[in-house]
Amino acid sequence: QLQLVESGGGLVQPGGSLRLSCAASGFTLDYYAIGWFRQAPGKEREGVSCSSSGGRSTNYADSVKGRFFIFRDNAKNTVYLQMISLKPEDTAVYYCVADGPSPYEDMCAMSVNEYDYWGQGTQVTVSS
């Protein structure tokens, strides 16, 4: 069974840091394009970051560039989102996504329709 399970969300103060984890099972993560999306109350779901199969290429939303970082641990079949300098506007449910197996090792997409597999989401709240 192919599954993605997020963890690591919680309550943090503005300026704080948090690392989200996404454990994959039922497939080999390195062969898939992966990414993170988020959805805040009353807002549309938006792409935060993505990583191409093999991890060669990454993309980030303008709002998180320089603050969020996506990376993989293939030995653990897990993808991470490291978040620093968190802002209240980062508050949202964060979703791990995957698509593949993908031969496109040099690119990844930030569009919702590109991803077939979604985790259940983990809540991140940035507030004092």
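By class, the residues that line the largest pocket comprise six nonpolar, one polar and two charged, where Ala, Val, Leu, Ile, Met, Phe, Trp, Tyr, Cys and Pro count as nonpolar, Asp, Glu, Lys and Arg as charged, and the others, Gly among them, as polar. This is a predicted model, in which local features need pLDDT of at least 70 and side-chain atom pairs count only at pLDDT 80 or more, while totals for chains, interfaces and linings use all residues. Residues are numbered from 1 along each chain as its sequence is written, and side-chain values use heavy atoms, with hydrogens and water left out.

The side chain of D90 forms a salt bridge (a side-chain nitrogen of Lys or Arg within 4 Å of a carboxyl oxygen of Asp or Glu) with that of R38, at 3.0 Å from N to O. This pair links distant parts of the chain, with D90 in the loop between strand 8 (78-83) and strand 9 (92-99) and R38 in strand 4 (residues 33-39), 52 residues apart; strands are DSSP runs (E, at least two residues), numbered from the N terminus. D90 also forms a salt bridge with R67, the closest N and O atoms being 2.8 Å apart. Both D90 and R38 are buried, that is, under 20% relative accessible area with a 1.4 Å probe and protein chains only, and R67 counts as buried because its relative accessibility is 9%.

Note on methods:
Helices (H or I, at least four residues) and strands (E, at least two) are DSSP runs, numbered from the N terminus. Buried means under 20% relative accessible area, exposed over 50%, partly exposed in between (1.4 Å probe, protein chains only).
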